[in-house]
Amino acid sequence: MASPCSVLVETDDRAEAAELLAIAEEEARRIELKFSRYRRDNLVYRINHSEGRPIEVDEETALLIDYATTCYAMSDGMFDITSGVLRRAWTFDGSTRVPSRHSVQRLLKHVGWSRVQWSNPTLTLPAGMEIDFGGIGKEYAVDRAATMIAQRTRSSFVVNFGGDLFVRGVRRGDRTWGVGIDDPTRTGESALYRLDATTGGIATSGDARRFVVYRGKRLGHILNPKTGWPVEDAPRSVTVAGRTCLEAGTLSTLAYLQGPRARTYLEELAVQFWIV
Amino acid sequence: MQLEKPKPPSALRDALHTAALALLLVPAATQAQTAPTTANTSDSPDRIDVTSLFYGEQGRTSIFEPVVRFTHLMQDGQSLSGQFGLDVITGASPTGELPSGQVQTRTSASGRTITSSAGTLPTAPFSDRRFAFDGDWKKPWGRVVTSTIGGHFSREKDYQSLGASGMIATDLEHRLLTITIGGGVNRDTVFPVGGTTAGLSSSAIISTASNQKSVANVLIGVSRVMSRRWMLAVNASESHENGYLTEPYKLVSVLNPTSGVPLTSLTEKRPSTRTRSSVMGSSVYHFTQDLLYSSYRYYWDTWGIRSHTLDLKYRHQFDDTTYLEPLLRFYTQSAANFYTGGLLQGNPLPDFASSDYRLGALNTITVGGTYGLRWNDFPGDWTVRAQLIRQSGNSSPPNAIGVQRRFDLSPPVNIYAVVVGYSFGY
Amino acid sequence: MKAKTICRMLIGFTLLLVAGCQTVKPWDRDLLAQKQMSFNPAPMLQSIDEHIYFSKEASMGGASVGGGGCGCN
């Protein structure tokens with residue numbers, strides 16, 4: 001995983017803790033190798049270089065694609081795993097440089113899950129398009145690692161991969177795990193909120209690290225797949241609690257994509273959320 | 001930016017939750033097994049690269065060189081490549097002789113007629129075809145070590161080359177540092193048309209046997225990621241050549257020591273060993289969208305040649321597949337210690353002598369650019385590189401004698417080179 | 001420049017590279033992962049250029065090993 005990962009287990013057995021950590025690490029690595037778009041030796045690479053040919057995928061990939069299809073349908077196209085190509089036009093380095101309308105328009109031609117033929121287990125991606133599980137891969141890895149740890153211990157634990165996490169149970173003495181929500185401007189220094197988590201997933205979307213400044217406005221790195229532009233007037237960060245980390249992560253991304261309507265959107269969904 | 005038809009919020013949550021559970025409830029054991037078997041032979045990423053070079057020198061050589069390369073990438077990161085290239089060469093090349101001031105015509109040992117008009121450098125016409133095969137095999141060993149081994153075979157009318165090379169690269173410090181060590185050997189054979197002449201003789205054939213030339217080279221390189229947008233590399237290499245290093249058709253004029261009029265021509269002769277060394281620094285810098293590639297090389301060899309090469313390319317990326325990359329290259333070399341404009345009649349013959357302008361003091365300037373594009377919905381990437389290369393030497397060397405002072409002894413050579421490339425994965 | 005000076009500079013430069021000064025975290029390697037972020041992003045064009053210069057100049061090599069001999073020089 002391309003970010004700090006940790007596993008907290010409440011146990012007196014050091015060996016057990018080490019074993020559970022190893023399980024989480026191995027699962028995180030497995031998922032990263034399998035779904036990273038930066039590697040040349042995995043299925044994602046072959047799909048992205050298939051040049052319009054049908055590719056048969058394995059069961060796990062098929063399920064992730066099914067999940068992404070559901071997200072796409074339920075969000076009216078705002079959540080789209082083919083939108084990664086738009087990142088080529090953008091460099092979120094805090095500068096004021098934005099790409100030309102023309103280059104964004106060109107890339108938009110290669111975005112749109114509805115243009116992909118998906119008939120389990122065969123995926124046909126038109127030439128020039130790419131898929132990217134970056135938006136759900138980390139959350140998926142958290143849930144997977146949590147599931148595997150849960151099968152091996154009765155202790156309470158937290159799996160945290162780069163800020164997306166899953167918590168199970170309460171600590172001894174009925175205490176909860178405390179999860180801090182960072183001030184996006186001062187990552188890792190001070191927590192703005194402390195929330196008390198019991199079983200479930202927590203995930204955050206935001207622009208803490210990557211943004212550009214355009215006409216005095218700060219634009220975060222999450223791109224709207226319909227316009228090819230970052231979401232304007234979006235909150236700095238949206239944290240959502242859900243039953244799984246995947247659910248929390250997807251909802252926080254969808255809410256962020258609503259821009260100024262993020263708060264209303266989450267209120268309608270009746271989920272626990274924190275907006276900064 | 002907005003939901004066009006808002007779904008009932010609870011439906012969205014429930015659908016996501018159901019989909020997430022479907023995904024997460026797959027037993028871990030099943031996934032661990034399915035992961036490695038995703039190797040699907042029908043969708044292996046094979047790649048074809050085709051390039052065609054069109055090369056022309058003003059009034060001299062022209063070359064057409066198509067090359068096709070197949071690459072097969074395997075599941076575990078190994079790759080195999082095979083390449084075939086053909087060179088079709090026609091034109092004329094300077095023989096090394098000096099202008100005579102009179103019309104000059106004569107016949108060479110190889111049966112080729114050499115003619116030139118009074119004040120111009122004599123050239124010899126030639127045509128040739130060259131075939132080249134290259135193959136390499138790249139294999140990762142674990143997460144940080146990669147090896148590459150390669151082979152080469154090429155043949156033309158009077159030259160054959162057989163080579164092998166190997167390279168090992170290791171990533172250290174979380175892939176921020178890469179150390180590369182490599183080496184190669186070549187076994188070449190030169191069999192001049194009409195036989196081999198003795199060096200510094202008037203074209204008397206002494207042997208019809210072929211001549212051997214062997215080359216061994218080593219390279220060590222370090223490259224480092226300096227920041228999120230900057231990479232630097234340093235390479236040092238050394239190459240040792242041994243055997244027949246002479247150009248069989250190049251001649252050296254023998255001049256009248258006072259008038260400068262060429263009296264006769266001798267075949268050239270070069271030492272039979274040469275050690276070449278070079279150090280090179282390279283940098284790649286990524287601006288917000290554009291990239292700057294730069295490199296500098298210092299080269300020296302045991303023939304007394306020193307050279308500096310500066311290479312700059314600036315890549316403007318319009319989007320992921322379209323770019324324009326202007327390029328500039330500056331090169332300057334000093335002369336080999338046995339390079340001579342012409343020998344003087346009556347003086348004792350030196351051990352070695354060559355008038356090949358490529359061993360003289362020389363500057364090369366290249367300007368050009370590369371354009372890369374992909375046509376909408378048409379698979380594959382296209383590149384076009386066009387370059388103008390201008391070479392100039394010392395047109396009026398101070399030691400020129402008599403009539404030679406009237407001539408341009410090193411007229412600038414203008415070269416154009418256009419490469420069209422197409423790359424396609426399937 | 002003398003070969004000795006060059007070698008000394010090279011060793012110094014190499015030490016600087018090996019010692020390094022900054023680390024780039026995996027999540028900051030988006031630019032580094034691009035295929036154009038390479039010392040030789042177009043190897044076939046590069047080898048054609050090297051072949052041209054090899055046949056027109058006295059120098060060769062520097063960044064790679066192997067390749068083929070040629071009667072052109």
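**An interface and what lies behind it**

Tutor: In this predicted model, the contact between the two chains takes 53 residues from chain A and 41 residues from chain B, two residues being in contact if their C-beta atoms, placed from the backbone, lie within 7 Å. Because the model is predicted, local features need pLDDT of at least 70 and side-chain atom pairs count only at pLDDT 80 or more, whereas totals for chains, interfaces and linings use all residues. Residues are numbered from 1 along each chain as its sequence is written, while chains are lettered from A and ligands numbered from 1 in the order in which they are written.

On the side of chain A that touches chain B, at least two residues each come from helices H1 (14-35), H2 (43-48), H3 (59-74), H4 (101-108), H5, H6 and H7 (262-269) and from strand S2 (54-56). Helices (H or I, at least four residues) and strands (E, at least two) are DSSP runs, numbered from the N terminus. H3(A) gives the largest share, nine residues. By class, this side of chain A has 17 nonpolar, 13 polar and 23 charged residues; Ala, Val, Leu, Ile, Met, Phe, Trp, Tyr, Cys and Pro count as nonpolar, Asp, Glu, Lys and Arg as charged, and the others, Gly among them, as polar.

Two of these contributors, H5 and H6, also pack on each other. H5 (residues 134-150) and H6 (residues 245-257) of chain A have axes 8 Å apart and an angle of about 155 degrees; axes are lines fitted to C-alpha atoms, for helices over the stretch in contact, and angles run from 0 to 180 degrees between N-to-C directions. H5(A) and H6(A) are therefore roughly antiparallel, a term for angles over 145 degrees. Among the residues that meet are A:Val142 in H5(A) and A:Cys245 in H6(A). The contact of H5(A) with H6(A) has five nonpolar, four polar and two charged residues.

A:Leu165 touches both A:Val142 and A:Cys245, among others. Across chain A, buried residues make up 50% of the 276 residues.

Methods:
Angles under 35 degrees count as roughly parallel, over 145 as roughly antiparallel, 65 to 115 as roughly perpendicular and the rest as oblique. A residue is buried if 20 or more other C-beta atoms lie within 10 Å of its own, exposed if 12 or fewer, and partly exposed in between; C-beta atoms are placed from the backbone. Lists of a residue's contacts leave out its neighbours within four places in sequence.
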